[in-house]
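Dear colleague,

Please find below the structure that I am handing over to you. My notes on it follow directly after the sequence and coordinates.

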There are 2 protein chains.
Amino acid sequence: MNTLVTVDLQRASRLLKLLGDPTRLTMMKLLKSHECCVCEFVAIFKMSQPAISQHLRKLRDIELVKEERRGQWVFFSINEDHEDYPFIQSILEQLPEQNESIAELEAQGLRICCE
Amino acid sequence: MNTLVTVDLQRASRLLKLLGDPTRLTMMKLLKSHECCVCEFVAIFKMSQPAISQHLRKLRDIELVKEERRGQWVFFSINEDHEDYPFIQSILEQLPEQNESIAELEAQGLRICCE
DNA sequence: CTAGCATATAATGATATGCTTATATACGCA
DNA sequence: TGCGTATATAAGCATATCATTATATGCTAG
């Protein structure tokens, strides 16, 4: 009896299924420490823009991530207000940091900063 | 930096994908507190025996569960020696207990005891 | 307004998944 | 040995998933 809050099994399995894709899982891990826009993900995953967009849509559909348009770009970030965020967080915590991806982006001058 | 051990992202996503099915996730949660044999799962999930058997095989293929034949029956249990067991455990801990399923089995006289 | 870049959506196709039914295997008992 | 029960495997099918290409939309800058 060491957790106060539990996650309904059906809901949990839907979340885990979404996280059960290496691209989406990595996205979530990245987003945990950095906001990213779509084109950054395209550069990181070396995958077509629509593929990235579709993964992000799935994450957004169940509100695991939020999006915010800034000028031309759409930035994604983790939705910490999600009812099951503690569950998600406990999973992401156990994954290795993905700072190299971000560092590589910066090295290539592909990191987007906008204001 | 509060976890010492992290799970490779590829491996983590494979595990999460397997847990991302409500039947398998429930199986794992049940197995966390009770050994079960195949016919018990058939009764619990009201699903065909081959379907149950195939789910168990997937869990066994990546060694999340162990099997042990006892007479006519094959009992499954969680493999606590799995390299990623701490990861799995941290997920299962956050799911509600499934004791009703077991209680129901017992009420119907379907719980298997063999020795 | 138009051109160009960022992103989203639609349509399509290959492969994976999860069930079903039919059949094979393994064990226990008479 | 042969039968009944428990389980595993094989084959087939419907649907889901994840990519692709083509196209639409939205914003910015000139």
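**Strands and sheet**

In chain A, Glu68(A) has Phe75(A) of E3(A) standing opposite. Please bear in mind that this is a predicted model. The two strands concerned are strand E2 (residues 65-70) and strand E3 (residues 73-78) of chain A, which run antiparallel and are joined by six bridges. Together E2(A) and E3(A) make a hairpin, with two residues between them. In that turn, Gly71(A) has a positive phi of about 60°.

In chain B there is an open sheet of three strands with antiparallel pairing, in the order E1-E3-E2. Its edge strands are E1 (36-37) and E2 (65-70) of chain B, each of which pairs on one side only. Two bridges link E1(B) to strand E3 (residues 73-78) of chain B, again in the antiparallel sense. Across from Cys36(B) stands Phe76(B), in E3(B). As background, strands of a sheet pair through backbone hydrogen bonds, either parallel or antiparallel.

**DNA strand C**

DNA strand C is surrounded by 25 residues, and the closest of them come from both chains: Cys39(A), Gln49(A), Ser48(B), His55(B) and Lys58(B). Among the atoms of DNA strand C within 4 Å of the protein, 62% belong to sugar or phosphate, and the rest to bases.

- Val38(A) places a polar backbone atom 3.5 Å from a phosphate oxygen of DNA strand C.
- Val74(A) likewise has a polar backbone atom 3.1 Å from a phosphate oxygen of DNA strand C.
- Ser48(B) uses a polar side-chain atom, which lies 2.6 Å from a phosphate oxygen of DNA strand C.

The elements that each supply at least two residues of the surface near DNA strand C are helix H3 (38-45), helix H4 (49-61) and E3 of chain A, together with helix H4 (49-61) of chain B. Sorted by class, this surface has 10 nonpolar, eight polar and seven charged residues.

**DNA strand D**

Around DNA strand D there are 25 residues, the closest being Ser48(A), His55(A), Lys58(A), Cys39(B) and Gln49(B). Sugar and phosphate make up 65% of the atoms of DNA strand D that come within 4 Å of the protein.

- From chain A, a polar side-chain atom of His55(A) lies 2.3 Å from a phosphate oxygen of DNA strand D.
- From chain B, a polar backbone atom of Cys39(B) is 2.7 Å from a phosphate oxygen of DNA strand D.
- A base is also contacted: a polar side-chain atom of Gln54(B) lies 3.4 Å from a base nitrogen of DNA strand D.

Two or more residues of the surface near DNA strand D come from each of H4 of chain A and helix H3 (38-45), H4 and E3 of chain B. By class, the surface near DNA strand D has 10 nonpolar, eight polar and seven charged residues.

**A loop residue in chain A**

Glu83(A) sits in the loop between E3 and helix H5 (85-92) of chain A. Is Glu83(A) buried or exposed? Its relative accessibility is 62%, and Glu83(A) therefore counts as exposed, the threshold for that class being over 50%. From C-alpha to C-alpha, Glu83(A) and Ser101(A) are 29 Å apart in space, with a separation of 18 residues in sequence.

With kind regards

Notes: Residues are numbered from 1 along each chain as its sequence is written. Chains are lettered from A and ligands numbered from 1 in the order in which they are written. This is a predicted model: local features need pLDDT of at least 70, side-chain atom pairs count only at pLDDT 80 or more; totals for chains, interfaces and linings use all residues. Side-chain values use heavy atoms; hydrogens and water are left out. Two strands pair if DSSP finds at least two bridges between them. Helices (H or I, at least four residues) and strands (E, at least two) are DSSP runs, numbered from the N terminus. A residue is near a molecule or strand if one of its heavy atoms lies within 4 Å of it. A polar contact is a pair of N or O atoms within 3.5 Å; within protein, one must be able to donate a hydrogen and the other to accept it, and residues adjacent in sequence count only if both atoms are side-chain atoms. Ala, Val, Leu, Ile, Met, Phe, Trp, Tyr, Cys and Pro count as nonpolar, Asp, Glu, Lys and Arg as charged, and the others, Gly among them, as polar. Buried means under 20% relative accessible area, exposed over 50%, partly exposed in between (1.4 Å probe, protein chains only).
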